[in-house]
Amino acid sequence: MKYQFNGFTKGANNALCFAIETAEEMGHTYVGSEHLLVGLLKEQEGAAASLLAARNVTAEQVAELLASTVGRGIPSSLTPDSFTPRAKQVIEIALSGARATGNTYAGTEHLLIALLEEGQNYAVRFLKLLGVDVSALLDEALRLTSG
């Protein structure tokens with residue numbers, strides 16, 4: 001993986017790097033919440049991927065929705081600075097959420113919770129399009145971090 005994000009577990013770091021990689025491969029000029037969702041799914045070892053897999057959500061499905069919504073371009077080169085303000089906010093929410101529950105590091109479950117709690121993003125829109133009960137998913141993810 002190219003980048004090391006402070007305050008995150010190895011799995012969450014991988015997911016963030018996969019998000020950047022996905023945006024690059026799709027030729028996008030930014031890394032948004034929708035790319036974060038694909039990154040969480042590609043990091044198959046994470047709690048977030050398990051929660052999403054239990055709802056039959058795949059990285060391919062989300063990437064397909066992303067391509068049909070945003071389109072594809074010429075592969076690009078992005079960095080962590082390419083995260084949108086909303087995606088950066090999700091990352092900050094994940095870090096503070098992890099600290100609030102006494103965790104030293106934020107995991108993929110914290111990133112998923114942050115995506116769902118922020119709510120006004122393409123990731124949540126795509127999950128709803130795929131038939132996911134976002135409230136139930138959030139409840140289950142929160143239970144994972146509290147116990």
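**Figure 1. Overall fold of the predicted model.** Helices, taken as DSSP runs of H or I with at least four residues, and strands, taken as runs of E with at least two, are numbered from the N terminus, and by this assignment the protein has eight helices and zero strands. The model is predicted, and from the N terminus on its elements follow the order α-α-α-α-α-α-α-α. Along the principal axes, the C-alpha trace spans about 45 × 35 × 25 Å. The radius of gyration is 14 Å, which agrees with the value near 15 Å that a compact globule of 147 residues would have. Buried residues account for 50% of the 147 residues, and among contacts with a separation of 6 or more, 68% join residues 24 or more positions apart.

**Figure 2. Packing of helix α5 against helix α6.** The view shows helix α5, residues 85-100, against helix α6, residues 108-118, with an angle of about 120° between them and their axes 8 Å apart. The crossing in which α5 passes α6 is right-handed. On the α5 side the contact is formed by R86, Q89, V90, I91, I93, A94, G97 and A98, which meet H110, L111, A114, L115, E117 and E118 of α6. By class, the residues of this contact comprise eight nonpolar, three polar and three charged.

**Figure 3. Surroundings of helix α6.** Helix α6 is mostly covered, with ten of its eleven residues buried; these are T108, E109, H110, L111, L112, I113, A114, L115, L116 and E118. The partners against which the buried residues of α6 pack are α1 (10-25), α2 (33-42), α3 (47-53), α5, α7 (122-129) and α8 (134-146). After α6 comes G119, a residue whose phi is positive, near 75°.

Figure 4. T108 is placed in helix α6, and because its relative accessibility is 3%, T108 counts as buried. When residues up to four places away in sequence are not counted, T108 touches T9, G11, A12 and A15, together with L40, E43, G46, A47 and A48.

Figure 5. Leaving aside residues up to four places away in sequence, A87 touches V31, G32, S33 and L36. The view also takes in I20, which is 67 residues from A87 in sequence, with the two C-alpha atoms 11 Å apart in space.

Figure 6. N56 is located in the loop between α3 and α4, the latter covering residues 59-70. The phi of N56 is near 60°, a positive value in a residue other than glycine.

Notes: Residues are numbered from 1 along each chain as its sequence is written. This is a predicted model: local features need pLDDT of at least 70, side-chain atom pairs count only at pLDDT 80 or more; totals for chains, interfaces and linings use all residues. Side-chain values use heavy atoms; hydrogens and water are left out. Axes are lines fitted to C-alpha atoms, for helices over the stretch in contact, and angles run from 0 to 180 degrees between N-to-C directions. A crossing is left-handed if the near helix is turned anticlockwise from the far one by less than a right angle, and right-handed if clockwise. Contact means heavy atoms within 4.5 Å. Ala, Val, Leu, Ile, Met, Phe, Trp, Tyr, Cys and Pro count as nonpolar, Asp, Glu, Lys and Arg as charged, and the others, Gly among them, as polar. The radius of gyration is taken over C-alpha atoms; the globule rule is 2.2 Å times the number of residues to the power 0.38. Buried means under 20% relative accessible area, exposed over 50%, partly exposed in between (1.4 Å probe, protein chains only).
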